[in-house]
Amino acid sequence: MIVPESITITDNRTGKSIEIPIENGGVSSAEWSKLLPGVWFHDPGLTTTAMTSSSITYLDGDEGILRYRGYPIEQLAEGSTYLEVAYLLLKGELPNQTQYADWVRDVTHHTFIHENVRKRFLEGFHYDAHPMGMLVSAVAALSTFYADAKQIFDPEIREKQIVRLIAKMPTLAAAAHRFSVGMPFVYPDNELSFPANFLSMMWKIAEPHFEADPALVHAIDVLFILHADHEQNCSTTAMRTAGSAHSDPYSSTAAACAALYGPRHGGANEAVVKMLNEIGSIENVEPFIKSVKEGHGQRLQGFGHRVYKNYDPRARIIKKVAYDVFEVTGKNPLLDIALKLEEVALSDDYFISRKLYPNVDFYSGLIYQAMGFPIEMFPVLFAIPRVSGWLAHYVELLDQDSKIVRPRQIFTGQGERKYLPMDQR
Ligand code: SDX
């Protein structure tokens, strides 16, 4: 007997049924609406809703698999560079030698930001402005510097905005940091690689030329690869939502940056380090885990994931990168607490039963801190490479001619009421 790849739903109020095919792991809500007009699929947080189709990134949460355009993240982290991965995400294929050289040249020659962005905009912030708040604002401001940004259906003009955004994120990030610590802005050094240039703009002081330790340059490049895309996460959904309204790439990216800023998303690595500092010692790990389990409002930051119900493959790679970095910087003393937390949590039924494992944020903050980045820079470090993934999804949604994102709601408010003048209330 052939088992049909379909579901049948019946409206018990009318006895009418409809069979809906299961295609590519999904069923069409349009078919649902044919039988049940005005009955909405209620799915807070879109936990079981496919908002779109996409060919960019594949995740298997149960198996802990992550692939960019079919290439396993482990192989890309081992053999690729962030700029090559950015090209792959955007174009769908790995570049050949010429394509890669042209791409690197294009990005390298767009690393500068308009002087007004630095002098008048970034330096207009309060002295203790959070760098992620500065980045969100600066990215949106870029849309006012490129009049052609709104021509989003001209592939050549759109590509230029994409190259500008990928190239300028490190410059904006470093500028925000330098401002927040009262250091002079460092111009991009186009003789350096993408990651090396970022570290130069972050750390150069008075020396004419700054080159970070190659091990740290490589570590940043790998971390950028690991953070470049992650399917329909919260910030990518924000990008697709803004992009579906045909907002320009800069404004849409600012929306995505704002979503990433949240502690439940890109702000988690900042929350992990604060949590480890609060725990303070290995002896306090068990009591902390106990308080998490007792639900005193604390969560084990850096643990759990909407999709991964297994070890986040990126966390495994980052854990290895950490040891390479600590070879140069010295071990982050919080590492021992993190390792103990992981050991205790992974053997505790509360976490096992909820399939809570370390995610990408659990170890990344330890590396950034060991490299000297202030904790406020951690979400900024996430945003720099994620812009490539966001833009790949932006291009994809435009190519798909996606409808504007406008979900429905389950209304739970008041019925009609008569307005009463103030003296009758
Ligand atoms: C990123 O989506 C992506 O792809 C994101 C990301 C990317 O690359 O873009 O991977 C990057 O955002 C990683 C996640 C970083 N955030 C954190 O580490 C913050 C801590 N983790 C969470 O708050 C939580 O796990 C989420 C937000 C990541 C996922 O939340 P879900 O899927 O909505 O799960 P949930 O909140 O419904 O939790 C399910 C259960 C609950 O227990 P019960 O109510 O069923 O008893 O698990 C518990 C939660 O209380 N739980 C945790 C927990 N995470 C979930 N309990 C303790 N510690 C945690 N971290």
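Q: If buried means under 20% relative accessible area, exposed over 50% and partly exposed in between (1.4 Å probe, protein chains only), is Leu 334 buried or exposed?

A: This is a predicted model, in which local features need pLDDT of at least 70 and side-chain atom pairs count only at pLDDT 80 or more, while totals for chains, interfaces and linings use all residues. Residues are numbered from 1 along each chain as its sequence is written, and side-chain values use heavy atoms, with hydrogens and water left out. Leu 334 has a relative accessible area of 9% and is therefore buried; it belongs to helix H15, residues 334–345 (a DSSP run of H or I, at least four residues). Leu 276 is 58 residues away from Leu 334 in sequence, yet their C-alpha atoms are 6.4 Å apart in space.

Q: Why does Ile 22 count as partly exposed, and where does Ile 22 lie?

A: Ile 22 counts as partly exposed because its relative accessibility is 31%, and its place is the loop that joins strand S2 (16–21) to helix H1 (29–35), a strand being a DSSP run of E with at least two residues.

Q: Which residues come nearest to the ligand?

A: Among the 22 residues around the ligand, those that come nearest are His 230, Arg 299, His 305, Arg 314 and Arg 386, where near means a heavy atom within 4 Å.

Q: Which polar side-chain atom lies 2.6 Å from an oxygen atom of the ligand?

A: A polar contact is a pair of N or O atoms within 3.5 Å, and the side-chain atom at 2.6 Å from a ligand oxygen belongs to His 305. A ligand oxygen is also 2.9 Å from a backbone N or O atom of Gly 302, and a side-chain N or O atom of Asn 359 lies 2.9 Å from an oxygen atom of the ligand. Of the 1100 Å² of accessible area that the ligand has on its own, the protein covers 75% (Shrake-Rupley method, 1.4 Å probe).

How values were computed. A polar contact is a pair of N or O atoms within 3.5 Å; within protein, one must be able to donate a hydrogen and the other to accept it, and residues adjacent in sequence count only if both atoms are side-chain atoms.
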